[in-house]
Amino acid sequence: MSKNLSSMPVLGTQASAVAQEPSRTCIGCKNKDVRSQMLRLKAVETDLRMRIRIEPHSATLGRGAWIHKNPRCFAQARKRRAFSVAFRTSLPFDISELTDAFDSQISTNNESG
Ligand SMILES: [Zn+2]
């Protein structure tokens, strides 16, 4: 009747499962961040122009780009034609969907600024 409890394996060694989100590069500020801080963009070609859409999930295949949920990053991306670079095309872009999204963010995010 010699039970040696001290030889029990230590439980909880895998308790520190840090959820490591893969980081993405913002096409606006060029900084890397986790996906949860960013919007995934997708370009859909219609009538010889590329329509930039916001992808709610990253499940869709195809070429995508990432941008912070920050109007400043959007402004930067527009300025430096980051969309053409990100989607590797010379077609004109329709970014009205993005504009709407960021515009509404700006107006609702207008406290103490
Ligand atoms: Zn950014």
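Reader: Where is Arg63 found?

Author: Arg63 sits in the loop between strand 4 (49-55) and strand 5 (64-68). Please keep in mind that this is a predicted model.

Reader: Why does Arg63 count as partly exposed?

Author: Its relative accessibility is 45%. Buried means under 20% and exposed means over 50%, so Arg63, at 45%, counts as partly exposed.

Reader: Which residues is Arg63 in contact with, leaving aside its neighbours within four places in sequence?

Author: They are Arg40, Leu41, Lys42, Ala43, Ala86, Phe87 and Arg88. Contact here means heavy atoms within 4.5 Å. For Phe87, 24 residues away along the chain, the C-alpha atoms are separated from that of Arg63 by 6.8 Å.

Reader: Ala86 is on that list. What makes Ala86 buried?

Author: Its relative accessible area is 19%. The cut-off for buried is under 20%, so Ala86 is buried. Ala86 lies in helix 2 (residues 82-87). Leaving aside neighbours within four places in sequence, Ala86 is in contact with Ile27, Arg63 and Ala65. Between Ala86 and Lys42, 44 residues apart in sequence, the C-alpha to C-alpha distance is 9.9 Å.

Reader: Let's turn to the metal. Which residues coordinate the zinc ion?

Author: Cys26 (SG), Cys29 (SG), His68 (ND1) and Cys73 (SG) do, at 2.0 to 2.3 Å. In sequence these donor residues follow the spacing C-x2-C-x38-H-x4-C. Cys29 and Cys73 link distant parts of the chain: Cys29 is in the loop between strand 1 (23-25) and strand 2 (32-34), while Cys73, 44 residues apart from it, is in helix 1 (residues 71-79).

Reader: Why is the arrangement around the zinc ion called tetrahedral?

Author: The four donor atoms subtend angles of 103 to 114 degrees. For comparison, the ideal angle for four tetrahedral donors is 109.5 degrees.

Reader: Is Cys73 buried or exposed, and how do you know?

Author: Cys73 has a relative accessible area of 5%. Since buried means under 20%, Cys73 is buried.

Reader: How many aromatic pairs does a search of the whole structure find?

Author: There are four aromatic pairs. In one of them, Phe74 and Phe102 have ring centres 4.6 Å apart and planes at 10 degrees.

Reader: What makes the pair of Phe74 and Phe102 stacked?

Author: Rings pair if their centres lie within 6.5 Å, and planes under 30 degrees apart count as stacked. With 4.6 Å and 10 degrees, the pair is therefore stacked. Phe74 lies in helix 1 and Phe102 in helix 3 (residues 96-108), so the pair ties together parts that are 28 residues apart in sequence. Both of these residues are buried.

Reader: Why are the rings of Phe87 and Phe93 called tilted?

Author: Their centres are 6.3 Å apart and their planes stand at 45 degrees. Stacked needs planes under 30 degrees apart and edge-to-face over 60, so 45 degrees makes the pair tilted. Phe87 and Phe93 are both buried. Ring pairs link Phe74, Phe83, Phe87, Phe93 and Phe102 into a cluster.

Reader: In what order do the strands of the open sheet lie?

Author: Four strands form the sheet in the order 5-3-4-6, with mixed pairing.

Reader: What makes strand 5 and strand 6 (93-94) the edge strands?

Author: Each of them pairs on one side only. Strand 5 runs antiparallel to strand 3 (residues 38-46), and five bridges join the two. Among them, Met38 is partnered with His68 and Lys42 with Gly64.

Reader: How do you know that strand 5 is largely enclosed by the rest of the structure?

Author: Four of its five residues are buried, so strand 5 is largely enclosed.

Reader: Which residues have the most contacts inside the largest nonpolar core?

Author: They are Ile27, Leu41, Ile52, Ile67, Phe83, Phe87 and Leu98, in a core of 22 residues. Strand 3, strand 4, strand 5, helix 1, helix 2 and helix 3 each give two or more residues to this core. Ile27 touches residues including Leu41, Ile67, Phe83 and Ala86.

Definitions and conventions: Residues numbered from 1 in each chain as written. Predicted model: local features only at pLDDT ≥ 70, side-chain atom pairs only at ≥ 80, totals over all residues. Heavy atoms only, no water. Buried < 20%, exposed > 50% of the residue type's maximum accessible area, 1.4 Å probe, protein only. Donors = N, O, S within 2.8 Å, 3.2 Å for Na, K, Ca; no water. Tetrahedral: all angles 85-135°; square planar, octahedral: opposite > 155°, others 65-115°. Phe/Tyr/Trp six-rings, centres within 6.5 Å; stacked < 30°, edge-to-face > 60°. Pairing = 2+ DSSP bridges. Core = buried A, V, L, I, M, F, W, Y, C linked by side-chain atoms within 4.5 Å.
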